[in-house]
Amino acid sequence: MKVYLDNGATTKMDDAVLKAMQPYFTEKYGNASSLHSKGQEAKMALEESREIIAKKLNARPDEIIFTSGGTESDNLAIKGIAYSKGKGHIITSKIEHPAVLKTCEELQKQNFEITYLNVDSEGFISLQDLENSIKENTILISIIHANNEIGTIQDIQKIGEICKKHNIPFHTDAVQSFCKEDINVKKTNIDLISISSHKIHGPKGIGALYVKKGNKLKKLIDGGKHEYNLRAGTENVSGAVGFAKAVKISNNKDTKHMENLRDYFIKEILKIEKVKLNGPKDKRLCNNINLAFAYIEGEAIGAYLDAKGICSSTGSACSSKELKTSHVLQAINLSPEYLNGSLRLTISKFTTKQEIDYVFQELPKIVHKLRKISPLGD
Amino acid sequence: MYSKKALQHFKKPKNFGIIKNADGIGRAGNPVCGDVMEVYIKVNKGKIKDCKFKTFGCVAAIAASDVLCELCKGKTIKQAKKITAKQISDYLGKLPTIKLHCSVLGRETLKKAIEDYEKKKD
C-alpha cells in the first residue's frame, strides 16, 4: 500500500485544479499585461482568481499580491517593510519557518534589530513577552499562524490586538493554515499574510501576500509595474487560476475529515510506550501529527516507513543538511532522549482511515525493531 | 541518496545485539547529536571471533555499524585496528558526504572496544 503522509511538505494536486488550469497553457496563453484580446482574456482570469483568494480572507482584491510561493511572500512582507522603513526593530518567534527566520537573520546582518520570542513546551508564544518586547523603534511583528512542524496555532486575534494598540504592522505566515483555519482580515487585525497554493492541492510555484491598504512595502523584484507595482514579472496566470480553484473547493467538511483522522491517529499511537505528542492537543492544525519516540532516531523510522510505502518527515539532526535538530523541537525543550526521535505525519483530504490503519499496523513493528537495535533505554 | 547496499544493511542488519561476556565493549556518540554506537567483541587467540553492535542513529549509522561487524570478524586485533572509516564507507558504496561521520563513529567505537579488550587482558 502507498500512503502519502507528508502533506505539510506538499499536496497532490486536485483533478479539478488541473482541469481549471489546462486551458491557460495552450489556449488562453496570453500575457496578462498585453492589451489585445488574448492578453485581456488572461488578465480577466488573473483578476477573477485574485478576487476568489481575496474573498477567502475577506480582503479587497487589490490587497492580494501574487508571488512565486510562501517563501517569496515572507521575504516580500518582512524585507518589504524593513527596507521601506530603513532601520528599526522586528519581533518574531523562535519557531518560524526558515523563510521568516533566515530573512530576519539576513536583516540582522544589515543592522536591523531582531527579537526572537521563546515559546512554551507546546509551541505557544507568550502575549506578555510579546508586549514586553515592543520598543519605540519596533517596525514589524511577524508570528507564524500555524507551525509547520508541530501544528501549534497561535492566537492571531490577540496578537493582532496588541499590534494595533501599539500601531505596529503585523505579518503572519499562514502557509500551513490557509483554507484550514478561518482568517478574516475584517475581524482580525493583520497587515500582511503569506499564503501558498501547493499546500492546498493547488500547483507549486504560486503563492500570494495579502497587504492591507496603507502599508508601504519596498518591492524586491524590479521590472514592470505588475502586481500593483509590488512584484515585477509576467503574471503566472495558470498558477493563479489553479490556486484560486484550490481555494474555491476547500471546505469545512474536508477540515473536519482531517481533524477526525488526526485525533484517531494520535489517540491510538500514544498507546505505544514512550511516545510523546509534540505540539498541543487543542489549538492544533487539523492535519498535523508530530510524535517523538524515545531511544530511536527519526530518519531511521522514516526510512523503514518508506520501505513500507509510507511517506513521512522528521526533524532529527541526522536528517538535516546542517546535522542540527529542528529549531522548533529545540525551542519546545524536548528532552534529549526524545529530541532526535521525531516523526511528522501530515494528512490531507485524500487520506483515508484505511491508510491510517495500515500505518498502525506497520509503525509499532518498526519502533520495536529500532528499539531492539538501539543501545539506549532499558 | 543512499546506495542499495547501505539500505540493505540498514533494513536487514545481521549483527545487531549484544555479546554476553564480551571481551571488549566500546561506546561512542551522543544522543543529542543523533547517534550512539556500542560495539561488542569476542576475541579468541588474538582474533575477533564475533562482533555485534547496538546503535541509536540514522540509516547510515545503522548500516555502518553492521558493516563494521562484518569487516572485523575473523581479523586479528592488529588487523582490526587498521580498519578505516573509508573502508566502511566504501563497503557501503560510498556514504553521502554529510553522513561520512557515521563511518568515523564506527571506527571510533571499534577502537574503544579494542582498547577495552586490551585493558582487560593486561
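Me: A cavity is a set of grid points where a 1.4 Å probe fits but cannot get out. In this predicted model, what volume does the second largest cavity have?

Reply: The structure holds two cavities of 30 Å³ or more. The largest cavity has a volume of about 160 Å³. For the second largest cavity, the volume is about 40 Å³.

Me: Which elements give two or more residues to the lining of the second largest cavity?

Reply: The lining includes A:Leu370 and A:Ile373 from chain A, and B:Thr55 and B:Phe56 from chain B. By class, this lining has seven nonpolar, three polar and one charged residues. The elements that give two or more residues to it are helix 14 (353–373) of chain A and strand 3 (47–56) of chain B.

Me: How is A:Asn229 classed by relative accessible area?

Reply: Most residues other than glycine have a negative phi. A:Asn229 has a positive phi of about 60 degrees although it is not a glycine, and its place is in helix 8 (residues 226–229) of chain A. Buried requires under 20% and exposed over 50%. With a relative accessible area of 34%, A:Asn229 is therefore partly exposed.

Me: Which element gives the largest share of the lining of the largest cavity?

Reply: Of the 18 lining residues, the closest to the centre of the largest cavity are A:Ile200, A:His201, A:Ser250, A:Met258 and A:Lys349. Helix 9 (237–249) and helix 10 (252–269) of chain A are the elements that give two or more residues to the lining. The largest share, three residues, comes from helix 10 of chain A.

Me: Which domains of chain A each give at least three residues to the lining of the largest cavity?

Reply: The lining residues divide into six nonpolar, eight polar and four charged. The domain assignment of chain A gives two ranges to consider, 3–11 + 251–373 and 15–249. The lining draws at least three residues from each of domain 1 and domain 2.

Me: What distance separates the centres of domain 1 and domain 2 of chain A?

Reply: Between these domains, 29 residues of domain 1 are in contact with 30 residues of domain 2. The centres, taken over C-alpha atoms, are separated by 27 Å.

Me: Which element gives the largest share of the largest nonpolar core?

Reply: This core has 66 residues, of which A:Phe265, A:Phe293, A:Ile301, A:Leu363 and B:Ile41 touch the most other members. Its largest share, eleven residues, comes from helix 2 (residues 59–72) of chain B.

Me: How far apart are the C-alpha atoms of A:Ile153 and A:Gly123?

Reply: A:Ile153 is found in the loop between strand 5 (138–142) and helix 7 (156–165) of chain A, and it is buried, with a relative accessible area of 10%. Among the residues A:Ile153 touches, leaving out those up to four places away in sequence, are A:Phe124, A:His145 and A:Leu285. A:Ile153 and A:Gly123 are 30 residues apart along the chain, and their C-alpha atoms are separated by 8.5 Å.

Key. Residues are numbered from 1 along each chain as its sequence is written. Chains are lettered from A and ligands numbered from 1 in the order in which they are written. This is a predicted model: local features need pLDDT of at least 70, side-chain atom pairs count only at pLDDT 80 or more; totals for chains, interfaces and linings use all residues. Side-chain values use heavy atoms; hydrogens and water are left out. A nonpolar core is a set of buried Ala, Val, Leu, Ile, Met, Phe, Trp, Tyr and Cys residues joined through side-chain atoms within 4.5 Å. Buried means under 20% relative accessible area, exposed over 50%, partly exposed in between (1.4 Å probe, protein chains only). Helices (H or I, at least four residues) and strands (E, at least two) are DSSP runs, numbered from the N terminus. On a 1 Å grid over the protein atoms alone, a cavity is a set of points where a 1.4 Å probe fits but cannot get out, and a pocket is an open set with protein on both sides within 12 Å along at least five of seven lines; lining residues have an atom within 4 Å of a point. Grid points are joined across faces, edges and corners, and a volume is the space filled by probe spheres set on the points. Ala, Val, Leu, Ile, Met, Phe, Trp, Tyr, Cys and Pro count as nonpolar, Asp, Glu, Lys and Arg as charged, and the others, Gly among them, as polar. Domain bounds come from an automatic or database domain assignment. Contact means heavy atoms within 4.5 Å.
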